[in-house]
Amino acid sequence: MDYTNISKEVLANIGGIDNLEGATHCVTRLRLVLKDTSAYNQAELEKIDGVKGVLFNSGQLMIIFGTGTVNKVYDAFMELTGTKEISASEVKANEADKKGKFFAVLRVFSDIFIPIIPAFVGAAIIIGLKSLLTAKGLFGMEGSLAESNEFLASIASFFAIIATTFDFLPILVMYSAVKRFGGNPILGILVGIVMVHPSLVNRNAYVLDPTGAANWNFFGLMIPQVAFQGGVFPAILTAWFMAKVEKLAQKYIPEVVSFVFVPTVTLLAANIALFTVFGPVGNLIGDVLAGVIDVLYNRMGVFGAFIFAAFLQPLVVTGTHQFIQGIEANLVATTGFNYIQAIWSVSIIAQGGGAIGMYLLHRKHSRERNICMSSFIPTLVGISEPAIFAANMRYSIIPFVCACIGAGCGGAFVKLMEVRAIGQGLTGVLGLLIVTPETLVWYVVGNLIAFVVPIALIFAYNKAKGVPTTDDGNSAPGFQVSL
């Protein structure tokens with residue numbers, strides 16, 4: 001693949017270098033900001049070697065190349081054009097500003113959680129290995145592997161200690177959030193440590209027994225001495241306030257004493273605000289959002305799980321899915337389990353099933369067929385955008401809808417079997433590493449259901465429309481043209 005030539009073709013079909021304002025890329029897409037947003041030729045861009053799809057969204061021209069390929073195209077494109085490199089956060093800021101305040105809030109969630117996702121993933125895998133060692137009844141055993149071998153018992157104990165991400169979640173969130181809001185992230189770490197200080201009563205224990213905590217008397221205001229385990233929303237709100245206070249302190253405190261008094265004032269104000277205002281408000285926000293998902297998943301049973309799973313990828317398309325990351329992190333930190341992970345997985349794998357359905361209906365040896373197959377592969381490791389935009393929504397909404405229905409079916413099944421994970425950030429094949437051992441088989445079955453149902457629905461729809469479902473390479477194009 002000639003990446004320089006690809007870059008030249010891209011440039012020629014976006015109105016030339018004079019129409020290019022900046023460029024960046026994500027996992028699968030080359031993202032371009034154009035001065036004249038009507039000057040690109042989508043049909044010609046889609047014919048370029050390696051391109052799996054083209055879409056324009058919120059002021060950005062997105063050319064889908066897929067994982068790995070996009071990095072090489074981006075490097076060649078930047079070398080060819082010498083244009084301004086726009087960071088992903090700048091692109092998101094521009095997008096959120098155009099969409100309004102709601103999307104700006106969602107962008108904040110994304111900016112905070114993306115840097116700490118590796119900590120979630122690493123800890124989840126280690127916890128998964130520990131669970132394999134301590135799970136009873138595996139391989140026909142009466143007990144667990146750890147119980148049968150002293151070395152394995154030591155390894156399991158060691159894994160339980162080093163996988164501390166979710167035990168100290170507020171520290172990670174405070175660090176990332178304060179940095180995002182423009183404050184000193186080291187001070188954020190200190191407030192995060194306060195949030196899980198061992199001298200405070202564990203929040204989970206306090207919920208069960210509210211009488212177990214002493215109170216501070218702040219001028220007649222009684223403040224429970226309770227920690228904030230899993231306090232994602234208290235941390236984000238406090239981090240925002242902390243960054244504001246620090247900037248004000250830097251502005252008004254004389255420079256000669258700022259080194260001493262700025263961090264002192266910032267820490268005092270942030271911690272007082274944490275326990276009196278932002279902690280309780282953040283807990284309430286978290287409880288409300290978690291309550292909505294709890295109603296869908298737990299109170300409404302398999303029907304609610306169907307709705308939840310079916311609508312996850314539409315949320316991805318609109319960019320309104322970011323807040324779910326915080327709820328997942330809170331679930332793992334407070335309960336040790338994450339039932340949303342399986343829902344994520346089936347929703348992504350279902351889009352892969354839709355891509356395979358389109359692959360089977362396209363002409364043999366056609367470029368469209370190759371695009372569908374290459375779009376399917378990323379769904380196995382948790383990336384759905386290529387399948388959505390390059391296969392399932394390229395010519396019609398119908399394959400995407402079929403995939404959402406398949407996701408709902410898979411979601412209903414994993415709810416029925418109470419599939420749970422012990423971490424977040426891993427889905428599809430990689431999700432096998434963090435699903436609880438006793439539900440591993442049902443996780444696989446649920447994903448298979450989500451994969452097969454879209455294929456069957458696409459074929460059924462295609463047959464009902466009277467378009468041939470097989471192709472010898474010479475007949476007319478099928479499914480995508482008929483819709």
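1. A salt bridge is taken here as a side-chain nitrogen of Lys or Arg within 4 Å of a carboxyl oxygen of Asp or Glu. By that criterion, a search of the whole structure finds three salt bridges. The structure is a predicted model, in which local features need pLDDT of at least 70 and side-chain atom pairs count only at pLDDT 80 or more, while totals for chains, interfaces and linings use all residues. Residues are numbered from 1 along each chain as its sequence is written, and side-chain values use heavy atoms, with hydrogens and water left out.

2. On overall composition, the protein has 21 helices and six strands; helices (H or I, at least four residues) and strands (E, at least two) are DSSP runs, numbered from the N terminus. Of its 483 residues, 50% count as buried. Buried means under 20% relative accessible area, exposed over 50%, and partly exposed in between (1.4 Å probe, protein chains only). A contact requires heavy atoms within 4.5 Å. Among contacts between residues at least 6 apart in sequence, 70% join residues at least 24 apart.

3. The salt bridge between Arg203 and Asp287 has its closest N and O atoms 3.5 Å apart. This pair links distant parts of the chain, with Arg203 in helix 11 (residues 203-208) and Asp287 in helix 13 (residues 255-299), 84 residues apart. Arg203 is buried at 13% relative accessibility, whereas Asp287 is partly exposed at 46%.

4. Asn283 also lies in helix 13. It is buried, with a relative accessible area of 15%. When neighbours within four places in sequence are set aside, Asn283 is in contact with Arg203, Phe228 and Pro234.

5. Two further salt bridges should be noted. Glu44 pairs with Lys47, the closest N and O atoms being 3.3 Å apart; Glu44 is partly exposed at 33% relative accessible area, and Lys47 is exposed at 56%. Lys415 and Glu418 meet through their side chains at 2.9 Å, N to O. Here Lys415 is buried, with a relative accessible area of 9%, and Glu418 is partly exposed at 38%.

6. Helix 16 (residues 340-361) and helix 18 (residues 385-392) pack at an angle of about 30 degrees, with their axes 9 Å apart. Axes are lines fitted to C-alpha atoms, for helices over the stretch in contact, and angles run from 0 to 180 degrees between N-to-C directions. Helix 16 is therefore roughly parallel to helix 18; angles under 35 degrees count as roughly parallel, over 145 as roughly antiparallel, 65 to 115 as roughly perpendicular and the rest as oblique. The crossing is left-handed, meaning that the near helix is turned anticlockwise from the far one by less than a right angle, with clockwise giving a right-handed crossing. Gln351, Gly352, Gly354, Ala355 and Met358 of helix 16 make the contact with Ala387, Ile388, Ala391 and Asn392 of helix 18. These residues divide into five nonpolar, four polar and no charged. Ala, Val, Leu, Ile, Met, Phe, Trp, Tyr, Cys and Pro count as nonpolar, Asp, Glu, Lys and Arg as charged, and the others, Gly among them, as polar.

7. The axes of helix 10 (residues 185-195) and helix 12 (residues 232-252) come within 11 Å and cross at roughly 140 degrees, so the two helices are oblique to each other. Helix 10 passes helix 12 in a right-handed crossing. Leu187, Gly188, Val191 and Met195 of helix 10 meet Pro234, Ala235, Thr238, Met242 and Glu246 of helix 12. The residues of this contact comprise six nonpolar, two polar and one charged.
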